[in-house]
Amino acid sequence: MSKKRRNRHKAEHQEAQFDFDEAKELTVGEAMRKNEEVEAGVLPGDSILDKYVKQHKDEIEADKFETRQFSKDDLVEKEEVEEIEETQTLDNLLQELREGTGVTSPAPEDELRQFDDLELTRVSEAPLVEEFETEEVPLVGAEEALTRSRVTDSEDGKSKKKWVLYGILAALVVLILGTGYYVYRQVARSTKEIQTSQSTTNTQSDAEEFNNLYDAFYTDSNKTALKNSQFDKLSQLKTLLDKLEGSREYTLAKSKYDSLATQIKAIQDVNAQFEKPAIVDGVLDTNAKAKSDAKFTDIKTGNTELDKLLDKAISLGKSQQTSASSSSSSETSSSSSSRASENTASETSPSSSNTASTETRSTRSEVNMGVSSAGVAVQRSASRVSYNQSAIDDSNNSAWDFADGVLEQILATSRSRGYITGNQYILERVNIVNGNGYYNLYKPDGTYLFTLNCKTGYFVGNGSGHADDLDY
């Protein structure tokens, strides 16, 4: 605040006094105006503007109150407008003063001198403006606080809105991700179910095809005998097995395949030792001849019935090898015996008693042998007693003589049971054990029936339920 303004403000608080001596010289109208000025607090040193402000204080206060309701920017505009209005009011006031004092159109210089204390730059520098200035500080502070509060509220509101927006966006993201994941899981589950269903259907179809081909390898439902014609299809079965890999049906199918492959290989190995297959569709062909260089070894497959058949085929081959070896030795021995007999006969003649005994034994042995086995595939491998070619070659041994009535009784029993008809049978020597001769009885086609003891009459075959051991 300038020094001049402070002085005016100080003078304003001085008590105005109406000089009586001065009043005597005034007219009635002038005295009334002077009295109004005194009541309004006008001092002798006040300028015309000060006088006007004091006399119109109520109106100005009202205007000031209204001014306080405006914002800071409005006050600036309001001051500019009031400057113009107050300037116009000042002009009007000067005009009234001129008219009241009778002064007309004074010179500009005189007017300026008369009102040298009047500051025409801005109405706002009057005491009224000083009041505005003193009052403006709290108003501006309030305005700033209000603005700051509004800004803070605005920032808080924006912050809250921002976080609300972030929350909504996060919820949307979670919802979208959750929905996407759910849809993905549903699609994946549906796809998996479809694939599983298709896989199950395909697996069932492959398993059924595998089992059908597997069953076709056997001649019967019990799967005890194999068809030789199916052996070449084992590779097809392996292809079907590979399709089942990874399924629950694979383990069982693999077990079936492995067992079947083992059985087929065993049959093929044994048949390879003969000039033609000895085992065909689960049946042993006794007419099959073993090769000269055949090598027979025991083979087990886990199929009980097949293992028995393999043993018989192996025994047949071995017996043929033994017979061939014995025949060769027998021919050599017979040739030597003939020459020796001729020499003996030339030197001495046998006694009649020895000759009769030899003829009787020979006749007994040959008469009771049934039909000849020449050209017949005899099942020698099924014999309960192993063949002993050296014992067989000892044809004059009394161990081969039947006890009285034993052979007749055995043959009668066999006929009654339907084993043989009449004298249609083959009887072969097998071995001598503990001084007893053992024979095998066959059907005319070479089928093995049983082994018998020519001394005791005991006989036993290979049928189930019969004795495991013979009587020696």
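Select Leu237 and show its neighbours: leaving out residues up to four places away in sequence, Leu237 touches Phe210, Leu213, Tyr214, Phe217, Tyr257 and Leu260, where contact means heavy atoms within 4.5 Å. The model is predicted, so local features need pLDDT of at least 70 and side-chain atom pairs count only at pLDDT 80 or more, while totals for chains, interfaces and linings use all residues. Residues are numbered from 1 along each chain as its sequence is written, and side-chain values use heavy atoms, with hydrogens and water left out.

Buried means under 20% relative accessible area, exposed over 50%, and partly exposed in between (1.4 Å probe, protein chains only).

Helices (H or I, at least four residues) and strands (E, at least two) are DSSP runs, numbered from the N terminus.

**Aromatic pairs**

How many aromatic pairs does the structure hold? There are nine. Rings of Phe, Tyr and Trp (its six-membered ring) pair if their centres lie within 6.5 Å; planes under 30 degrees apart count as stacked, over 60 as edge-to-face and the rest as tilted.

Go to Trp163 and Tyr166. Their rings form an edge-to-face pair, 5.6 Å centre to centre with 90° between the planes. Both residues lie in helix H8, three residues apart, about one turn of the helix. Trp163 counts as exposed because its relative accessibility is 57%. Tyr166 has a relative accessible area of 41%, so Tyr166 is partly exposed.

Now move to Tyr214 and Tyr218. The ring centres are 5.5 Å apart and the planes stand at 65°, so this pair is edge-to-face. Are these two residues buried or exposed? Tyr214 counts as buried, at 8% relative accessibility, and Tyr218 is buried with a relative accessible area of 4%.

**Residues 163-184**

Select residues 163-184. An unreviewed UniProt entry lists them as "transmembrane region"; such annotations may be inferred rather than shown by experiment. In the model the span is 100% helix and 0% strand, and its end C-alpha atoms lie 30 Å apart.

**The sheet**

Switch to a cartoon view and find the open sheet of four strands, in the order E3-E4-E5-E6, with antiparallel pairing. Two strands pair if DSSP finds at least two bridges between them. Strand E3 (426-433) and strand E6 (459-460) stand at the edges with a single partner strand each, so one side of each has no neighbour in the sheet.

Follow E3 into strand E4 (residues 436-442): the two pair in the antiparallel sense over seven bridges. Val433 has Asn436 of E4 as its bridge partner, and Asn431 has Tyr438. The hairpin of E3 and E4 has two residues between the strands, and Asn434 there takes a positive phi near 55°.

Show the side chains of E4. Seven of its seven residues are buried. Asn436, Tyr438, Asn440 and Tyr442 are buried on one side, and Gly437, Tyr439 and Leu441 are buried on the other. In a regular strand the side chains alternate between the two faces of the sheet.

Continue from E4 to strand E5 (residues 448-453), joined by five bridges and running antiparallel. Leu441 stands opposite Phe450 in E5. In the hairpin of E4 and E5, with five residues between the strands, select Gly446, which takes a positive phi near 95°.

**The whole chain**

Zoom out to finish. The chain has 14 helices and six strands. Buried residues make up 29% of its 472 residues. Of the contacts between residues at least 6 apart in sequence, 60% join residues at least 24 apart.
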